[in-house]
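Keep the sequence and the 3D view at hand as you read.

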Amino acid sequence: MVRISSTLLPTNASGVPQQEITNASIAITSSGTLNVSDSTAQTSLSNIESSVSSTLSVEDTTAQGTLSNIENSLTATLVVEDITAQSSLADIVTAVQGTLQVSSSVTINGSRTNLDAAASVVAGGNSSVVDVSAYTKNSVYIQSSTSDNIEIWWSPDGTNYYLRESVWGNLPSSGGSNYYGMASFDNDVIHSIRLTYTASATVTAGVISRV
């Protein structure tokens with residue numbers, strides 16, 4: 001007779017003995033790693049751990065390619081099939097990662113002689129016309145040989161003109177024979193500016209503009 005030594009195992013509700021799980025079957029190390037006695041199961045656990053802590057790999061090549069694309073999209077550059085959409089994404093990336101360029105300088109346009117340059121004018125005569133439709137801030141500078149008033153006319157279309165105001169010249173405190181006057185207009189919608197003279201004189205005048 002052969003004597004078999006065994007351990008009585010607990011049974012389930014149907015009376016079938018359940019397998020005993022020994023201390024050697026599953027063990028959790030002090031570092032937090034789950035270890036099992038079965039080498040195949042241990043390998044599977046290691047694969048799961050690697051997938052969670054680093055890169056997830058699958059056997060199916062198509063699925064793996066999809067996962068790789070997702071990973072690249074999240075960690076690097078998002079690529080889409082549509083060329084127009086990709087261009088827009090590239091512009092956004094460039095704007096965010098690069099330097100947003102802004103202009104801190106203000107461009108001044110015009111000159112002090114674009115209306116008249118040392119011109120001999122007569123009463124009722126007009127200066128040249130200056131188109132200022134691209135600007136919102138305009139200043140008119142006038143130098144005249146007389147103190148007679150000079151009219152500033154505005155136009156909404158470059159054809160029809162309306163009197164804006166009259167400017168009288170003043171002698172500078174330093175003396176001299178020329179009279180000076182100016183007028184400034186901010187945030188006014190104007191297409192063109194010209195001058196109309198009320199007396200004979202020698203006049204230099206111009207419009208300086210900025211956006």
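Which residues does Asp116 touch, not counting residues up to four places away in sequence? They are Val121, Ser127, Tyr197, Val203, Thr204 and Ala205, where touching, or contact, means heavy atoms within 4.5 Å.

## Before you start

This is a predicted model, in which local features need pLDDT of at least 70 and side-chain atom pairs count only at pLDDT 80 or more, while totals for chains, interfaces and linings use all residues. Residues are numbered from 1 along each chain as its sequence is written, and side-chain values use heavy atoms, with hydrogens and water left out.

## The whole protein

The protein has 3 helices and 11 strands; these are DSSP runs numbered from the N terminus, with helices (H or I) of at least four residues and strands (E) of at least two. Along the sequence, the pattern reads β-β-α-α-α-β-β-β-β-β-β-β-β-β.

Of the 211 residues, 22% count as buried (under 20% relative accessible area, with exposed over 50% and partly exposed in between, using a 1.4 Å probe and protein chains only). The protein exposes about 14800 Å², and carbon and sulfur atoms supply 54% of that area, by the Shrake-Rupley method with a 1.4 Å probe, where only the protein chains shown count as cover for residues. Among contacts between residues at least 6 apart in sequence, 67% join residues at least 24 apart.

Asp116 sits in strand E4 (residues 116–121). Asp116 is buried yet has no salt bridge, and the nearest side chain of opposite charge, Arg194, is 10 Å away. For a salt bridge, a side-chain nitrogen of Lys or Arg must lie within 4 Å of a carboxyl oxygen of Asp or Glu; Lys and Arg count as positive and Asp and Glu as negative, while His and the chain ends are not counted.

What does the side chain of Asp116 make with the side chain of Tyr197? The two side chains make a polar contact at 2.3 Å. That term covers a pair of N or O atoms within 3.5 Å; within protein, one must be able to donate a hydrogen and the other to accept it, and residues adjacent in sequence count only if both atoms are side-chain atoms.

## Strand E11 and its partners

Strand E11 is mostly covered, with 7 of its 10 residues buried. Pairing here requires that DSSP find at least two bridges between two strands. E11 runs antiparallel to E4, joined by 4 bridges, and Val121 stands opposite Ala201 in E11. Strand E6 (residues 137–144) is also antiparallel to E11, with 8 bridges, and here Lys137 faces Arg210. Strand E3 (residues 109–110) pairs with E11 in the antiparallel sense over 2 bridges, which puts Asn109 opposite Ser209.

Val207 lies in E11 (residues 201–210). Val207 counts as buried because its relative accessibility is 0%. Gly110 is 97 residues away in sequence, but its C-alpha is 5.8 Å from that of Val207. Beyond its neighbours within four places in sequence, Val207 has contacts that include Gly110, Leu115, Val130, Val140 and Ile193.

## A four-stranded sheet

An open sheet of 4 strands has the order E5-E10-E7-E8, with antiparallel pairing. Its edge strands are E5 (130–131) and E8 (162–167), each pairing on one side only. Strands E7 (residues 150–155) and E10 (residues 192–197) pair in the antiparallel sense over 6 bridges, and Trp153 stands opposite Arg194 in E10.
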